[in-house]
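Hi everyone, thanks for making time.

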Amino acid sequence: TIIDSVINKVVARLGKVTCAFIIGDYAIGKDSGLIDLVFVGEIDQAYLRTCVEKAEGLIKRKIRTLVLTLPEFETNKKNLRPETAIWLWGDKTEFGS
């Protein structure tokens with residue numbers, strides 16, 4: 001689909017993305033106006049900021065990002081609750097439990 005194509009292009013430019021997912025209110029179906037995105041990997045933070053600014057303007061919501069290395073993700077996985085997240089990128093079976 002077109003959405004998959006856009007996601008693939010953005011992820012490719014972000015760097016070495018291991019996984020990406022939405023947590024918080026949006027993950028549980030609540031539209032609070034704030035979207036929490038978690039990225040795991042080696043991310044181009046400047047490009048991510050550019051993408052977030054563009055997306056916020058398009059969707060009229062604030063986007064908060066958290067970028068973690070794989071070891072940081074493993075340490076904090078329990079608190080992030082990826083099993084209840086909306087999975088955007090990566091193998092959920094490998095990282096979601």
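A bit of housekeeping before that. This is a predicted model, where local features need pLDDT of at least 70 and side-chain atom pairs count only at pLDDT 80 or more, while totals for chains, interfaces and linings use all residues. Residues are numbered from 1 along each chain as its sequence is written, and side-chain values use heavy atoms, with hydrogens and water left out.

Okay, the sheet. Helices (H or I, at least four residues) and strands (E, at least two) are DSSP runs, numbered from the N terminus. Here 4 strands make an open sheet, and the order across it is 3-2-1-4, with mixed pairing. Which strands sit at the edges? Those are strand 3, residues 62–68, and strand 4, residues 86–89, and each of them pairs on one side only. Pairing here takes at least two bridges found by DSSP between two strands. Neighbouring strands in this sheet are turned by 25 degrees against each other on average, direction ignored. For angles, axes are lines fitted to C-alpha atoms, for helices over the stretch in contact, and the values run from 0 to 180 degrees between N-to-C directions.

Look at strand 1, residues 15–23: this strand pairs with strand 4 in the antiparallel sense, over 3 bridges. In that pairing, A20 stands opposite W89 in strand 4.

Now the helices. Helix 2, residues 45–59, lies across strand 2 (34–43) and strand 3, and runs at about 155 degrees to strand 3. Helix 3, residues 70–80, lies across strand 1, strand 2 and strand 3, at about 125 degrees to strand 3.

On to salt bridges, meaning a side-chain nitrogen of Lys or Arg within 4 Å of a carboxyl oxygen of Asp or Glu. How many does the structure hold? There are 4, and I'll show you some of them.

Take R61 and D31, whose closest N and O atoms are 2.8 Å apart. R61 is in the loop between helix 2 and strand 3, and D31 is in the loop between strand 1 and strand 2, so this pair ties together parts 30 residues apart in sequence.

Then there's R64 with D36, at 2.5 Å from N to O. Since R64 lies in strand 3 and D36 in strand 2, the pair ties together parts that are 28 residues apart in sequence. For exposure, buried means under 20% relative accessible area, exposed over 50%, and partly exposed in between, using a 1.4 Å probe and protein chains only. R64 is partly exposed at 45%, whereas D36 is buried at 13%.

Next, E56 and K62 meet at 3.6 Å, N to O. E56 is in helix 2 and counts as buried at 16%, while K62 counts as exposed at 51%.

Last stop, the largest pocket. A pocket is an open set of points on a 1 Å grid over the protein atoms alone, where a 1.4 Å probe fits, with protein on both sides within 12 Å along at least five of seven lines; lining residues have an atom within 4 Å of a point. The largest one is lined by 22 residues, and I7, V10, L37, C51 and A55 lie nearest its centre. Which element gives the largest share of that lining? Helix 2 does, with 8 residues.

Key: Contact means heavy atoms within 4.5 Å.
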